[in-house]
Amino acid sequence: MDKKSITDIYGVLGYPAQHSLSPLMHNAAFRVLNINAEYKTFEIKPEDLDHFLERMDPDIQGLNVTIPYKERILKFVTLDAESSHLKQLGAVNTIVRKDDVWKGFNTDIYGFSKHLQEVFDPHGKRCALLGAGGAARAVCFSLAQCGAKEVAIFDVDTSRTEGLLQMMKGLFPYFSVSSAGSVKDLNIKDKDILINATPVGMKESDPCLVHEAWLRKDLFVYDLIYNPAETKLLTLAKKSGARTTNGQGMLLYQGVLSFELFTGQPAPLDVMRQALSQGVNNL
Ligand code: NAP
């Protein structure tokens, strides 16, 4: 094996990955704590992923894993008892080298739970979820863990919704989850919180997936998208008097937990928050 240099390398692995704000957050944290480490971007094409993983640079100590590799990375990691649920969850977004073995984690669950509970009390609440992809899986897991009452899910890809329902039944047999045949069938008027975990809203030309008339002031609207900071959904929700948040808080807290898993040190929260805000403002 190659000799390891002094600087530990961390990074974000994805395709695309250049737009990621994680390097800003982590490098700011390394600097303030005087940790000799650097956080880089690894934009690796799908056909090159196996080669990249098999010949991983020995200086790389940990990676955040983003679209489209959160599922594919599973076969590369060792899951211990604490993280065995990730196999069913089907998504790992952080890997850490420990004694030459790669351990897998999902810090999106913590990121969403931690931020959600700062802005909304999910306990006993009725939830509507748009999307059943990787992020929605973390959201659903988190809602069940936080004691939400029920979740109704809509995704254009019904096989994804089915997969998410199966996962939830396996992990939380007594938790109430259901699939909706359309956005209308989510019955948003009867829900306490609406969560968008689809990418719809990222593009200027994207529509708002819900009717303005379904939004109201005692609804909470959580859009996982953080770029743009205010999607059409959030604009309309605010107009209706609903309380809202975007995905910046989730991004921050998933980064905080990843940093702690990488370094074993408490993360400098304010420094990471400030670096992220600056990054978002410069987008
Ligand atoms: P994903 O795995 O691609 O899942 C998105 C799902 O939404 C797909 O199943 C997609 O179906 C579905 N969808 C697309 N258009 C839809 C529509 N009109 N109605 C209902 N469902 C629709 O993506 P992801 O990784 O879960 O990410 C989803 C979003 O969350 C992205 O915007 C991402 O940036 C954001 N995110 C934010 C954070 C954060 O920290 N804030 C973390 C993770 C993800 P098709 O595949 O058939 O289009």
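A nitrogen atom of the ligand has a backbone N or O atom of Leu224 at 3.0 Å, a polar contact (a pair of N or O atoms within 3.5 Å). This is a predicted model, in which local features need pLDDT of at least 70, side-chain atom pairs count only at pLDDT 80 or more, and totals for chains, interfaces and linings use all residues. Residues are numbered from 1 along each chain as its sequence is written, and side-chain values use heavy atoms, with hydrogens and water left out.

| Residue | Atom of the residue | Atom of the ligand | Distance |
|---|---|---|---|
| Leu224 | backbone N or O | nitrogen | 3.0 Å |
| Asp155 | side-chain N or O | oxygen | 2.7 Å |
| Leu251 | polar backbone atom | oxygen | 3.3 Å |

On its own the ligand has 910 Å² of accessible area, and the protein covers 78% of that; such areas come from the Shrake-Rupley method with a 1.4 Å probe.

Around the ligand there are 22 residues, where near means having a heavy atom within 4 Å. Ala135, Asp155, Arg160, Leu224 and Gly247 come nearest. By class, this shell has 14 nonpolar, four polar and four charged residues. Nonpolar here covers Ala, Val, Leu, Ile, Met, Phe, Trp, Tyr, Cys and Pro; charged covers Asp, Glu, Lys and Arg; the others, Gly among them, are polar.

Lys184 counts as exposed because its relative accessibility is 58%, and exposed means over 50% (1.4 Å probe, protein chains only). Between Lys184 and Phe154 there are 9.3 Å in space, C-alpha to C-alpha, though the two are 30 residues apart in sequence.

Notes. Buried < 20%, exposed > 50% of the residue type's maximum accessible area, 1.4 Å probe, protein only. Polar contact = N/O pair within 3.5 Å; in protein donor to acceptor, adjacent residues only side chain to side chain.
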